Amino acid sequence: MSTLDPAVLAASLRRLGDLEEHDIATAVGEVIHAAVDLFQVDGSGLMIVDAQHDLRYVASSNRQSEVMERVQSTAGEGPCVAAFVTDGVVHTDDLNTDERWPLIREPFLRNGVVSVLGAPVRLGGAPVGTLDVFRNRPYAWSEAEAAALERYTDILESMLATALAAHQAGELAGQLQYALDYRVVIERAVGYLMAQRSTGPDEAFSLLRSTARNQRRKVADVAAHLLEHGTLPKPPA
Amino acid sequence: MPLDQHALTESLHALSASAATSEGIGAPDLVDRLGQVLTAARDLIHVDGTGLMLLDTEDELRIAGTSDPAATALEQAQLVAGTGPGVDCVREDRTVAVDDLADSADYAAVWESLAADPGNPVRAVLSVPVRVGGVAVGTLNAMLSRAEPWSTERIRAAEAYAGIIAVLLRLGAAQRTSTSRLRLD
């Protein structure tokens with residue numbers, strides 16, 4: 001059994017507190033980078049939802065990961081978007097043969113992103129973003145890896161929650177608080193559309209999002225309208 | 001001995017999962033969890049001992065913990081000599097791999113200090129930086145009682161464990177400064 005000296009540890013923590021603890025972006029970046037070694041992957045990244053309920057690039061371990069995130073952010077589809085919408089781990093073992101997300105396949109493959117594992121990042125039990133890892137070749141992700149990535153996102157939750165509580169989250173704070181404030185209405189609207197149109201959560205969310213985008217409204221406003229009136233809002237004449 | 005990649009992966013995943021709690025991490029937990037990382041790193045990288053040295057507020061390197069007496073001897077010898085793989089690792093923010101201390105002109109002082117204590121043999125030493133905020137704040141040291149080259153996979157595994165230590169330290173430091181709770185409902 002290893003022995004640790006609490007006094008030395010305390011001195012180190014004091015030092016870290018003085019160092020730059022106010023920078024949540026650096027802290028998140030380190031957790032994202034550590035994931036590459038931990039999962040022995042070729043890249044990793046974090047996306048957090050914004051006021052339009054679009055997943056936005058926050059951090060990545062390398063350029064490929066950044067491309068992976070920005071492409072999904074623009075297209076509004078992909079394994080990480082699906083992980084967020086379904087609030088569960090989503091994987092693709094080989095995008096060469098996986099046809100679920102036609103808009104992102106070509107740019108992903110061109111950038112060497114071939115197999116992807118995405119897990120929701122939650123705050124207070126609700127998804128606010130996704131942590132994603134990829135390999136540059138086909139790879140069959142195991143159940144154990146999926147479970148491990150999901151647990152690893154708990155570290156991010158812990159970090160984000162602590163930063164928010166200490167008012168150190170900076171620009172991310174507004175983004176995260178929005179996700180927390182409006183999650184219920186958006187989840188209910190997605191459920192409503194799924195029942196009304198016999199569709200899956202991905203499609204329902206995509207419809208909500210595209211309606212908001214076309215009408216330059218917030219997703220939460222569109223969701224509230226849907227729940228109140230039973231129909232999606234019409235564009236102003 | 002080749003690393004058991006499966007066991008290594010399981011170990012890294014389990015340790016990183018245990019680092020995470022929605023309540024953050026308190027100092028007593030942190031002591032336990034860093035101890036678990038040192039023990040797991042020793043067992044999974046197949047070394048004879050591991051040690052953790054951390055910088056304090058005065059920029060002095062101090063021994064935070066070790067897995068075995070030989071690792072303690074190595075850390076103490078470095079602090080006494082004021083040099084060593086771990087010292088250079090932190091000072092220069094890079095991984096330092098020494099296949100045989102007895103053969104290392106740079107660390108002759110460490111070797112001499114250790115040679116005076118034959119009960120705790122140390123020959124090969126690997127020191128990887130523990131980075132927080134983009135800078136080295138400490139070093140994870142692994143040692144063998146025999147001379148042996150450090151393989152790339154062993155170095156990468158040690159760096160992964162150092163990554164977990166960094167995450168744990170980061171969480172511990174954040175917890176110290178956290179004062180109120182997030183509005184979740």
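B:Leu54 has B:Arg62 as its bridge partner in β2(B). This pair belongs to a predicted model. The strands concerned are β1 (residues 49-55) and β2 (residues 61-66) of chain B. They pair in the antiparallel sense, over 5 bridges.

Now widen the view to the whole sheet. It is open and has 6 strands. Read across, the order is β1(A)-β2(B)-β1(B)-β5(B)-β4(B)-β3(B), with antiparallel pairing. What stands at the edges? One edge strand is β1 (3-4) of chain A, and the other is β3 (96-98) of chain B. Each has a single partner strand, so one side of each lacks a neighbour in the sheet.

α3(B) touches β1, β2, β4 (124-132) and β5 (135-144) of chain B. The direction of α3(B) makes about 35° with that of β1(B).

Take one residue of that helix. B:Ala70 lies in α3, which covers residues 69-81 of chain B. Is B:Ala70 buried or exposed? It is buried, because 22 other C-beta atoms lie within 10 Å and the cut-off for buried is 20 or more. Leaving aside residues up to four places away in sequence, B:Ala70 touches B:Asp48, B:Gly49, B:Asn120, B:Pro121, B:Val122, B:Met143 and B:Ser145. B:Val90 is another matter: 20 residues separate it from B:Ala70 along the chain, and their C-alpha atoms are 21 Å apart.

Go back to the two strands of chain B and look at the link between them. B:Asp59 sits in the loop between β1 and β2 of chain B. Its phi is positive, near 70°, in a residue other than glycine.

A:Ser198 is not a glycine, yet it has a positive phi of about 50°. A:Ser198 is in the loop between α7 (171-197) and α8 (201-214) of chain A. It counts as exposed, with 8 C-beta neighbours inside 10 Å.

Finally, confidence. The predictor gives the complex an ipTM of 0.79 and a pTM of 0.71. Chain B averages a pLDDT of 84, and 85% of its residues score at least 70. Over residues 179-185 of chain B, the pLDDT is below 50. Beyond near neighbours in sequence, that stretch has 9 contacts in the model. Where pLDDT is low, predicted coordinates should not be read in detail.

Conventions. Residues are numbered from 1 along each chain as its sequence is written. Chains are lettered from A and ligands numbered from 1 in the order in which they are written. This is a predicted model: local features need pLDDT of at least 70, side-chain atom pairs count only at pLDDT 80 or more; totals for chains, interfaces and linings use all residues. Helices (H or I, at least four residues) and strands (E, at least two) are DSSP runs, numbered from the N terminus. A residue is buried if 20 or more other C-beta atoms lie within 10 Å of its own, exposed if 12 or fewer, and partly exposed in between; C-beta atoms are placed from the backbone. Two residues are in contact if their C-beta atoms, placed from the backbone, lie within 7 Å. Two strands pair if DSSP finds at least two bridges between them. Axes are lines fitted to C-alpha atoms, for helices over the stretch in contact, and angles run from 0 to 180 degrees between N-to-C directions. pLDDT is the predictor's confidence in each residue, from 0 to 100.
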